[in-house]
Amino acid sequence: MSDECNVDSILSLMGGTIFHFIVGIKIMWGNVAPYITSYLVQFDPEVTYMNTLHVYTAMFLGQSLFMYLGGQLERKIGPRLTAYIGATLISGCTYMSSYCKSLHSLVFLQFLVGVGIG
C-alpha cells in the first residue's frame, strides 16, 4: 500500500469538510436567532423570538421526515448524487433565506434545508 495521497482522497476530505460547514448552519441557530428576529421585525412587528424558534423546529422536522427517503434515494442513485442533491438543497435554500422578509417563507425554506440534511 502506498503512502501517497491520491486526488480522490483529498477531494473527499475537502468535500466532507465543506459539507460539515453547511450542516453547521443548523447547530448555530441559537446564535443568529436574535439577529434574524430583529431583522424580521422591520417587516412584521408581530414577530417575536418565540415565533422564530419555529424555524429551528421546521429544520429538524424536515430532516426527520426525509431521512428515511434519503437513505432509499442513496440506494437507488448512489451516494455521490444523493449528497450533491442534499448539499444543493441545503446551500440553495440557505441562500434564498437571506432574501426572506416574512417568517412563513423563512420557516418553509429552512424546512427544505432540513429535507436536504435528511
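## A pair one turn apart

Tyrosine 56 and phenylalanine 60 are four residues apart in helix 3 (residues 49-77), so about one helical turn separates them. The model in which they sit is a predicted one.

## Aromatic pairs

A pair of aromatic rings is described by the distance of the centres and the angle of the planes. The structure holds four aromatic pairs. One of them joins tyrosine 39 and phenylalanine 43. Their ring centres are 5.2 Å apart, the planes make an angle of 75°, and the pair is edge-to-face. Edge-to-face is the word used because the angle is over 60 degrees.

Tyrosine 56 and phenylalanine 60 also form an edge-to-face pair. For these two rings the distance is 4.9 Å centre to centre, with 80° between the planes.

## Exposure of the paired residues

The term applies because each value falls between the limit for buried, under 20%, and the limit for exposed, over 50%.

## Helices and overall shape

What does the secondary structure of the chain come to? It consists of five helices and zero strands. Read from the N terminus, the order of elements is α-α-α-α-α.

The chain has a radius of gyration of 17 Å, whereas a compact globule of 118 residues would have one near 13 Å. Along the principal axes, the C-alpha atoms fill a box of roughly 65 × 30 × 20 Å.

## Contacts and burial

Consider the contacts in the chain between residues at least 6 apart in sequence: 66% of them join residues at least 24 apart. Of the 118 residues in the chain, 27% are buried.

## Surface and charge

The charged side chains comprise 5 positive and 6 negative ones. Between the centres of these two sets there is a distance of 11 Å.

Definitions and conventions:
Residues are numbered from 1 along each chain as its sequence is written. This is a predicted model: local features need pLDDT of at least 70, side-chain atom pairs count only at pLDDT 80 or more; totals for chains, interfaces and linings use all residues. Side-chain values use heavy atoms; hydrogens and water are left out. Rings of Phe, Tyr and Trp (its six-membered ring) pair if their centres lie within 6.5 Å; planes under 30 degrees apart count as stacked, over 60 as edge-to-face and the rest as tilted. Helices (H or I, at least four residues) and strands (E, at least two) are DSSP runs, numbered from the N terminus. The radius of gyration is taken over C-alpha atoms; the globule rule is 2.2 Å times the number of residues to the power 0.38. Buried means under 20% relative accessible area, exposed over 50%, partly exposed in between (1.4 Å probe, protein chains only). Contact means heavy atoms within 4.5 Å. Lys and Arg count as positive and Asp and Glu as negative; His and the chain ends are not counted. The place of a charge is taken as NZ of Lys, CZ of Arg, CG of Asp or CD of Glu.
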